[in-house]
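Subject: Structure handover and findings

Hello,

Here is the structure for your files. My notes follow below it.

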Amino acid sequence: MSMSSVTPTLSSAPAGPKPSGTTPDLRQRLALIDQGLLIAGLTLAMVVIGAVFVDGMFTVENFTTMARLSAPLAILAVASSIVIMGKNVDLSVVAIVGIAGMATVQLWTRHGFGEWQAILAVIGVALVIGLLNGWLVAYVEIPALFVTLGTWKLFEGLFNVTLLDTQNYPLPRDSEIVAALGRGSVPTLLAAAVLVGAWAFMKYTTYGQLIRATGDSPAAARLTGVPVRPLVVGTFVIAALLACLVGLLQLGVNGGYSKAYGSGEDLMFNAITAAVIGGVSLTGGRGTIFGVFAGTAFITVFVNLMTLLNVSVVTSVVIRGAILLAALALDAWLHPRDEETAKSDDL
């Protein structure tokens, strides 16, 4: 059976829990609301309040800076959301972002690689990590949370021991490709292209629709002939390649990479938060790329406000943690785990 022949059958199935009666209750009504639109409205309200009460908020320079610096977050949020829609989670993107940034410089400056060769090498590493993640989750059937936690620490440790031997990795001045990624409005345009491409991919392609259908009900997808295992592998490969792009983009935007940035946990935390508050459900099969965009804008504006108000980094992280927990609780209430979901042990 071809992939295209099963798409209508799966897409016609209801995505959420069946109503208990003819009149939907409050939870079912709220579950029908586009969470992305709600978060977009809240983001706009934050901007208006910030423009009135916070100096320096409502300026062209500030909005340009926000758009430029949020580009890596937007791309990583898309990567996380595609995996989550397929009913999994990927923590190894943390390692891939760091490896892409630091190993590109190290291979180029100390191991005789050209710029293109170094970039292709780290893309190859990202591809290997994505394939390994997907194979272990889909074919060995190890929960994704533990697989990607393991590959995160494994590859991060391997590269620290064998290749990365310093604290700072400045981008060479003769860089053309990576430097171009971080120049002017390029990061913003690149993030916009990824968002639009991901929206079209999930909405209009058979592969994207089957990812959503598989996340909604893996058992039903198998019964209708969907190749669930290759689909799962594909989501991890997509996430890994996008994370590699984020590492290269950060390298270009910052003019280098430093271990002082950490290994990327904060960026990954923000990316998952943006996806979840934008309506991407951890139960799988639900969410939109517009919601991911709205969630990214919300996190970006929030962090910008905290910075302009001189709120400490620790306090900002605590508030973001509370926001994520609230979004998770709302998601669990709106989309309760049924018996099939509970048995699948998706994380």
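How many residues apart in helix H8 are Glu156 and Lys153, and what part of a helical turn separates them? They are 3 residues apart, so about one helical turn lies between them. Helices here (H or I, at least four residues) are DSSP runs, as are strands (E, at least two), and both are numbered from the N terminus.

This is a predicted model, in which local features need pLDDT of at least 70 and side-chain atom pairs count only at pLDDT 80 or more, while totals for chains, interfaces and linings use all residues. Residues are numbered from 1 along each chain as its sequence is written, and side-chain values use heavy atoms, with hydrogens and water left out.

Confidence

pLDDT is the predictor's confidence in each residue, from 0 to 100. The protein averages 85, and 85% of the residues score at least 70. Among its elements, helix H7 (residues 115–138) has the highest mean pLDDT, 96. Helix H17 (residues 339–344) has the lowest, 43. Two stretches deserve a note. Residues 1–22 have pLDDT below 50, with 30 contacts beyond near neighbours in sequence. Residues 339–347 are also below 50, with 19 such contacts. A contact means heavy atoms within 4.5 Å. Where pLDDT is low, the predicted coordinates should not be read in detail.

Salt bridges

The term covers a side-chain nitrogen of Lys or Arg within 4 Å of a carboxyl oxygen of Asp or Glu. The count is 4.

- Glu156 and Lys153: the closest N and O atoms are 3.9 Å apart. Glu156 is buried at 19% relative accessibility, whereas Lys153 is partly exposed at 43%. Buried means under 20% relative accessible area, exposed over 50%, and partly exposed in between (1.4 Å probe, protein chains only).
- Glu141 and Arg229: the N to O distance is 3.3 Å. This pair links distant parts of the chain, 88 residues apart. Glu141 is in the loop between H7 and helix H8 (144–162), and Arg229 is in helix H13. Glu141 is exposed at 53%. Arg229 is partly exposed at 29%.
- Asp266 and Arg320: the closest N and O atoms are 3.3 Å apart. Asp266 lies in helix H14 (residues 265–277) and Arg320 in helix H16, so the bridge ties together parts 54 residues apart in sequence. Asp266 is partly exposed at 40%. Arg320 is buried at 4%.

Aromatic rings

Rings of Phe, Tyr and Trp (its six-membered ring) pair if their centres lie within 6.5 Å; planes under 30 degrees apart count as stacked, over 60 as edge-to-face and the rest as tilted. There are 4 aromatic pairs by this rule. One of them, Trp199 with Tyr204, is edge-to-face, at 5.4 Å centre to centre and 85° between the planes. Trp199 is partly exposed at 40%, and Tyr204 is exposed at 55%. Phe290 and Phe293 form a tilted pair, at 6.3 Å and 45°. Both lie in helix H15 (residues 289–308), 3 residues apart, about one turn of the helix. Phe290 is partly exposed at 36%, as is Phe293 at 44%.

Two lysines sit over rings. The rule asks for NZ of Lys or CZ of Arg within 6 Å of the ring centre and within 35 degrees of the ring normal. Lys203 lies over the face of Tyr204, 5.8 Å from the ring centre.

Of the 27 residues, 21 are buried, so H13 is largely enclosed by the rest of the structure. Gly255 follows H13, with a positive phi near 75°.

Positive phi also turns up in residues other than glycine. Lys87 has a phi near 75°. Lys87 is in the loop between helix H5 (71–85) and helix H6 (93–110), and is buried at 5%. Asn310 has a phi of about 60°. Asn310 is in the loop between H15 and helix H16 (313–334), and is exposed at 70%.

Best wishes
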